[in-house]
Amino acid sequence: MVYNTILDAVGNTPMVRLNRMPEEGSAEILVKVEALNVGGSIKTRTALNMIEQAEKEGLLSPDSIIVEPTSGNQGIGLALVGAVKGYRTIIIMPDSVSEERRKLIRHYGAEVKLIHDAGDIGKCMEECLNCAMEMKAKNPKVFVPQQFENPNNTLAHKKHTALEIMAQVAGPIHGYCSGIGTGGTLTGIGEVLKAQYPDLEIWAVEPENAAILAGGTIGTHIQMGIGDGIIPDILNREIYDDIYVVTDAEALETARRLAKEEGLVCGISSGTNVAAALKLAKKLGPGKTVVTVLPDTAERYYSTPLFGV
Ligand code: PMP
């Protein structure tokens with residue numbers, strides 16, 4: 001079969017059982033491997049849905065400029081979609097995110113504007129957003145998808161990721177957990193799974209130094225893509241039953257174990273999600289099924305402590 005463009009190949013990522021990592025007496029853990037998505041992350045799904053819905057709503061014309069503030073993968077996804085569809089794309093991001101992300105975005109032909117992160121990621125993300133909105137105010141050709149408040153972010157997961165999960169598992173799901181960047185993944189998957197399985201236990205997962213839902217203080221952390229220091233508009237705060245906090249060390253160790261014990265080479269927030277899934281699986285016990293997502297590939301983390309820097 002031949003795809004018309006690479007965008008037609010987005011989604012339908014594999015679901016894999018963890019074999020060596022779960023402790024004795026745990027539920028089974030199934031992970032959705034978004035490293036194998038087009039563009040190497042779960043965010044290609046949301047980039048594509050936000051742009052295609054904007055096209056349908058007449059918000060984009062061939063000379064539109066896509067401008068988005070993002071801490072990373074959304075920028076890579078938008079740069080990819082912009083490349084295929086021919087839109088000029090400008091990504092505004094904190095200078096604390098990995099160099100590989102900037103290089104990849106430029107490789108797709110998009111432009112990168114860096115904003116200095118002086119140690120408060122929430123403040124820096126706000127500055128990135130202000131910069132995008134100023135560009136929009138000055139130039140009517142600018143379209144800002146605004147993933148933190150765009151319902152088409154969440155809908156990408158309701159229409160695709162969640163339905164893929166239910167079809168792949170083909171049986172009851174008892175636990176789901178994942179971290180929060182925009183909250184699109186947790187809200188979209190969480191709402192669909194909970195409607196199908198009302199007894200499902202959902203955990204929102206946060207980095208220790210940005211545990212805003214758990215009432216913690218905001219500092220810097222290395223769990224890139226989650227814990228941006230804000231409570232996003234599109235996060236459904238009714239959808240999770242509990243909050244689980246993960247340290248940088250635990251996220252790193254778990255991401256490394258995923259490679260060494262399961263052959264799954266993925267990013268730091270995948271370690272975060274699986275650290276929580278291991279605890280949730282232990283709590284729920286044998287005979288139950290816990291699902292999480294591995295949001296991106298490890299190959300954009302060579303310059304980070306994941307690879308022992
Ligand atoms: N992990 C990584 C690596 C990400 O890039 C993102 C997206 N920001 C997330 C997790 C969280 O996804 P969401 O924005 O849907 O909450």
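Visitor: Which residues come nearest to the ligand, and what makes a residue count as near?
Guide: Of the 19 residues around the ligand, Asn-73, Gly-181, Thr-185, Gly-225 and Ser-269 come nearest. Near means that a residue's C-beta atom, placed from the backbone, lies within 6 Å of the molecule. This is a predicted model: local features need pLDDT of at least 70, side-chain atom pairs count only at pLDDT 80 or more, and totals for chains, interfaces and linings use all residues. Numbering starts from 1 along each chain as its sequence is written.

Visitor: How many residues of the shell are polar, and what makes a residue polar here?
Guide: The shell has 13 polar residues, with four nonpolar and two charged. Ala, Val, Leu, Ile, Met, Phe, Trp, Tyr, Cys and Pro count as nonpolar; Asp, Glu, Lys and Arg are charged; the others, Gly among them, are polar.

Visitor: Why is strand β4 called mostly covered?
Guide: Six of the seven residues in β4 (residues 88-94) are buried. Buried means 20 or more other C-beta atoms within 10 Å of a residue's own, with C-beta atoms placed from the backbone. Strands are DSSP runs of E, at least two residues; helices are runs of H or I, at least four; both are numbered from the N terminus.

Visitor: How do you know that β3 and β4 pair?
Guide: Pairing needs at least two DSSP bridges between two strands. Five bridges join β3 (residues 65-69) to β4, so they pair, and they run parallel. Ile-66 stands opposite Thr-89 in β4.

Visitor: What makes the crossover from β3 to β4 right-handed?
Guide: The chain goes from β3 through helix α2 (residues 73-85) to β4. With the strands pointing away from the viewer, a right-handed path over the helix runs clockwise. This β-α-β crossover is right-handed.

How values were computed. A residue is buried if 20 or more other C-beta atoms lie within 10 Å of its own, exposed if 12 or fewer, and partly exposed in between; C-beta atoms are placed from the backbone.
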